[in-house]
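The following exercises concern the chain shown below. Each task is followed by a solution in steps.

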Amino acid sequence: MKKSIKKFLIALLFITSIFLYIPNNCLAKAVDSNSGSNYPIVMVHGLFGWGNDELFGENYWGGFESLKSILQSKGYTVYTPTIGSVSSNWDRACELYAYLKGGTVDYGEAHSNKYGHARYGRTFPGVYPNWGTLSKSNQIEKVHLIGHSMGGQTIRVLTQLLENGDKDEIAITPKESISPLFTGGKHWVSSITTIATPHDGSQEAYKNYTLEPAFHDFFAAMAAQGGITNSDNPCLDLKLDQWGLKKQANESYEAYYSRVFSSNIWKNTKDLSIWDLKPEGAKELNTWVKAQSDVYYFSISCQDTHKNLLTGYQIPNINMNPLLLQSSYFMGSFTNNKTGEVAIDSSWWANDGIVSVTSAISPKVGSTDKVIDYNGTPQRGVWNYLGKINNIDHISVVAFRNNLDKAYLENKYINLAKMLYNLPQ
């Protein structure tokens, strides 16, 4: 992996602290329907995301308070899967499928042969084994997928594979051993909602800096925040078993992360997050991952920059977390016209410190997907853009720590869940 690429992971690891924040007008018009789209809500973390028993007990969704529990208390069924923290969107989609449906992760025979890692991964009991079966009312049991940051790309890949399968896997895998994920014909997803997702990648990927020190600094800060000083805390399992990088039982997190990020996999493969999150990698993904005609797509972007009247560049707002300032300044003025690379112009400059507003709206680079401004009547097969959150960055919306925002944020999530449950079938 080129040094110029490695820097991207550093900036995006801060995305793991982000908590969803929805503006006042995004969900003003919930769909009034008794159609009964009361499918489970699956909230998928982004790069460097973690499970409920990791990262010192802090919730990815909600911080010190569990958003999952809040929504469940209102009667919603919610799952918060734990999948590969730095894996590719393909691998993460395979893990998400097994996590929900149950069984051993199958990354595909063709895919695994191509990229040189193990075909099979961890085994999950399945939190929703009835997924895809017929209900008592003779309706398919579906899900509502919410993805934050890279999680938004992952749920798009999962839906693409469910509905269309993969021709390469079908071509070389015996029928008796191919995963159902790769055979297509499964209309098991009701809706997709993406939050601050780099659908077209991030120009931050072109910035230079090294990975290891910043990664350790990040987790040291999380440990201090949680009142934990023991460096041997299990912390975050990156779930790279398929690459032979499984965390050992007594291995300190410093030793584990050092072993992972010094591995040759970063130099020799595109089958990792670092490629998918580059504009060129996102473009490649967008060419085959399409909006499905029977699925509702929603998106939300964030912006915490403003135009400098002297230079015309986008610069951070005064409230932006200092950890994001360097990347935000870079993104707010960067352009790229190199042959063979995605063109970056001033339309990319407005950002939230990690992801540009334009990239978060919908896939555009290499994509034929269409986007509309949501007016209260959702449309299938196109991106219903719910709007932009102004004056908010990724780290500042970690939330549920600021009492002034707590009730507001809870209400927005409840409104989002209500909107999803009221979608026409």
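**Exercise 1: the chain as a whole**

Of the 425 residues of the chain, 62% count as buried (under 20% relative accessible area, with exposed over 50% and partly exposed in between; 1.4 Å probe, protein chains only). The model is predicted: local features need pLDDT of at least 70, side-chain atom pairs count only at pLDDT 80 or more, and totals for chains, interfaces and linings use all residues. Residues are numbered from 1 along each chain as its sequence is written, and side-chain values use heavy atoms, with hydrogens and water left out.

**Exercise 2: strand β6**

Task: Determine which strands pair with β6.

Solution. 
1. Strands are DSSP runs of E of at least two residues, and helices are runs of H or I of at least four, both numbered from the N terminus.
2. Pairing requires that DSSP finds at least two bridges between two strands.
3. Strand β5 (residues 143-148) pairs with β6 in the parallel sense over six bridges; H148 has I195 as its bridge partner in β6.
4. Strand β7 (residues 296-303) runs parallel to β6 and is joined to it by five bridges; here I195 stands opposite I300.
5. Seven of the seven residues of β6 (residues 189-195) are buried, so this strand is largely enclosed by the rest of the structure.

**Exercise 3: helix α8**

Solution. 
1. In α8 (residues 253-261), the buried residues are Y253, Y256, Y257, V260 and F261.
2. An α-helix has 3.6 residues a turn, so residues three or four places apart point the same way.
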